[in-house]
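Subject: Structure for you to look at

Dear colleague,

I am handing over the structure below, followed by notes on what was found in it. Please read the notes with the structure open beside you.

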Amino acid sequence: MTASHTMRGFIGLINGSADIGRSRLFWSFAAVVLAGFLLVPAWMSEFGAYNIAYYLLNIPLALGLCLLWGYCGVLSFGQVAYFGIAGYLYGVTAGNLVASSLGPLIGSVGGLAGAALIGLIFGYFVFFARVQNWIVPILTLVFTLLLETFLGQTAGYQWRVGNVQLGGYNGMTAIPSFQIGGFVFVGYAFYYYALAVVLVCYLACRLLVNSHRGKVMLAIREDPLRTELLGYDIRAHQLLIFVLSTVLAGVSGLLYVQWGNYITPSQVGLLQAALPVIWVAVGGRQSLLAVMVSTYLLNWLSYALSTTGNQYAPVIMGVLLVAVMVFFPNGIIVTLSNLLSPRRRAGSAAMAKK
Amino acid sequence: MWRAQQLRKKFGGIVAIDNIDLAVKRQELHCIIGPNGAGKSTLFSLLCGIYRPDDGRIFFEEKEITAAPAFRRVQQGLGMTFQTNRAYHDLSIRQNLEVPMKISRTRESGGAAERFRYALDLFQIDGQNDGIARELPHHKLQWLEILMVLAAGPEVLLLDEPTAGMSPEETMQTARVLQHLNGMGLTIVVVEHDIAFVREVAQAVTVLHQGRVFAQGTIDEITAHDDVRRIYLGRA
């Protein structure tokens, strides 16, 4: 009885009002889509599956930004910094532990812990100093650009950690793939691993926003002072969500280096820093689901554009952002969903006026 | 139970609050009145922790809270509403009431829970309503904000012009509910402009003028006070 009870409570929480996609029809559709993803190896080559894994791997980072910006009201332009920190830390750690089959696992944990720690320090100064909301994006952007500059000048033999060279603008190469014990996640195995990680991240975020803490997040977004005067330490709440978003960015960073086995400083540069904001805004920043879908589709789009030799992928992305901001301030997917669903969602009207 | 000693607050060269002493007794319904610019709202912000005083000390239940951040004061049993309505207009009524619920001194102290249920009933607001708060009429929004604060279970309620923009009937309804809540053990401090409201509810009145306490006493003493009539009530 208790097991089924817990299960029902869990489902209730997943299906709470804080995200779109709660109807039976939606879940049936989601099941079909998931089945399609699970069956990818049946009808696609390993190369095709690798590409799909690439479109998927930025989703955790985008979900983190969605929590921070859409649900908490704090825009960060520097999420890619934590992507890079986790990626580089993984590269250094796993690269030095190639002899051990536990190296990649230790590297993953270390990468996430490093991203979280630096996020905690950065976030502490930002939120506990009560830096104003509109300054935060600038500080986060400066941080990631500093990181890019630092990593860019690490060319040469003196910039090595153990056996691993940081590599300056050429980046770090030959980063080991993920492995647990003797099992190495390459090919279809990597695809399934990435898919599972993304799903877990999404469901965890959805649980979070439907929990009481999620409600407090919305309250802080709507009116920080009012929320503080209902007895909440909003600094601590914002810091926690910020650290969580850095961990999610770190997850994407790990997936990226485990996917391509390399990373360069441009991954934390200006262009990369702007992209997550576009993914999140285009889908609709107050819905995790919308952000997940738009992140996938836009990563597919820019990959498709760049592989056909099109130089204008960043320009198209920028135009898309401006167009969405003008015509769909709530994001395309959220706007469509509100049109389709008869019940108006509280909270979506909120974003329209801001 | 709530005491301010020699509070001072300056903004640039302007002394907004100049040496104010204030004592609010347990279960009192205390009104703070004064003409525009008298320092009412600044005093209010000092009491609930939005501003820090330049000088002076504040005590709550004999504990000094001068340096305590606002949310700590709320956790110790203070609740407050703002001069302009700050219910979450774009969240549902249910969400508005759920946010303060968890802090939930309401569960510890039975009195607070009872007061919340009583006010919910009298203000005729459905706590399960999923409609967006901004669709409520103005007076109900004001009541909703009071309810949100009561949901957190305060022992002292600090209200900044709770009846601003209300019709006379709505004002009187607010007065009745506040008086009853006061009878149920809630200490209430109201900053108010509406002298009819103050006459109706106040047990103790503090008159502020140019950042100083101008007069203190019962409502009868205050309305009989010649100088108060001159500066505030506008009658000779």
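This is a predicted model: local features need pLDDT of at least 70, side-chain atom pairs count only at pLDDT 80 or more; totals for chains, interfaces and linings use all residues.

Two strands are said to pair if DSSP finds at least two bridges between them.

In E10(B), B:Ala215 is the bridge partner of B:Val207, and the pairing of strand E9 (residues 204–209) of chain B with E10(B) is antiparallel and runs over 5 bridges. These strands belong to an open sheet of 6 strands in chain B, ordered E6-E7-E8-E3-E9-E10, in which the pairing is mixed. Because strand E6 (78–81) and strand E10 (212–217) of chain B each have a single partner strand, they stand at the edges, and one side of each is left without a neighbour in the sheet. On average, and with direction ignored, neighbouring strands of this sheet are turned by 15° against each other.

Two helices of chain B lie across strands of this chain. Helix H1 (residues 40–48) of chain B lies across strand E3 (29–33), E6, strand E7 (156–160), strand E8 (187–191) and E9 of chain B, and runs at about 150° to E7(B), whereas helix H6 (residues 138–151) of chain B lies across E6 and E7 of chain B and runs at about 165° to E6(B).

Turning to chain A, helix H6 (residues 79–96) and helix H7 (residues 103–128) of that chain pack at an angle of about 145°, with their axes 8 Å apart, and the crossing of H6(A) and H7(A) is right-handed. Among the residues that make the contact are A:Tyr82, A:Ile85 and A:Leu89 of H6(A), together with A:Gly107, A:Gly111 and A:Ile118 of H7(A); by class, the contact of H6(A) with H7(A) has 11 nonpolar, 9 polar and no charged residues.

Helix H9 (residues 188–210) of chain A has 23 residues and reaches 33 Å from its first C-alpha to its last, close to the 33 Å expected at 1.5 Å a residue. The buried residues of H9(A) include A:Phe190, A:Ala194, A:Val198, A:Cys201, A:Cys205 and A:Arg206.

As for the two chains together, 19 residues of chain A are in contact with 21 residues of chain B. On the side of chain A that touches chain B, helix H10 (212–222), helix H11 (224–228) and helix H17 (348–352) of chain A each supply at least two residues, and the largest share, 6 residues, comes from H10(A). That side of chain A divides into 9 nonpolar, 4 polar and 6 charged residues.

With best wishes

Conventions. Residues are numbered from 1 along each chain as its sequence is written. Chains are lettered from A and ligands numbered from 1 in the order in which they are written. Axes are lines fitted to C-alpha atoms, for helices over the stretch in contact, and angles run from 0 to 180 degrees between N-to-C directions. Helices (H or I, at least four residues) and strands (E, at least two) are DSSP runs, numbered from the N terminus. A crossing is left-handed if the near helix is turned anticlockwise from the far one by less than a right angle, and right-handed if clockwise. Two residues are in contact if their C-beta atoms, placed from the backbone, lie within 7 Å. Ala, Val, Leu, Ile, Met, Phe, Trp, Tyr, Cys and Pro count as nonpolar, Asp, Glu, Lys and Arg as charged, and the others, Gly among them, as polar. The expected span of a helix is 1.5 Å times one less than its number of residues. A residue is buried if 20 or more other C-beta atoms lie within 10 Å of its own, exposed if 12 or fewer, and partly exposed in between; C-beta atoms are placed from the backbone.
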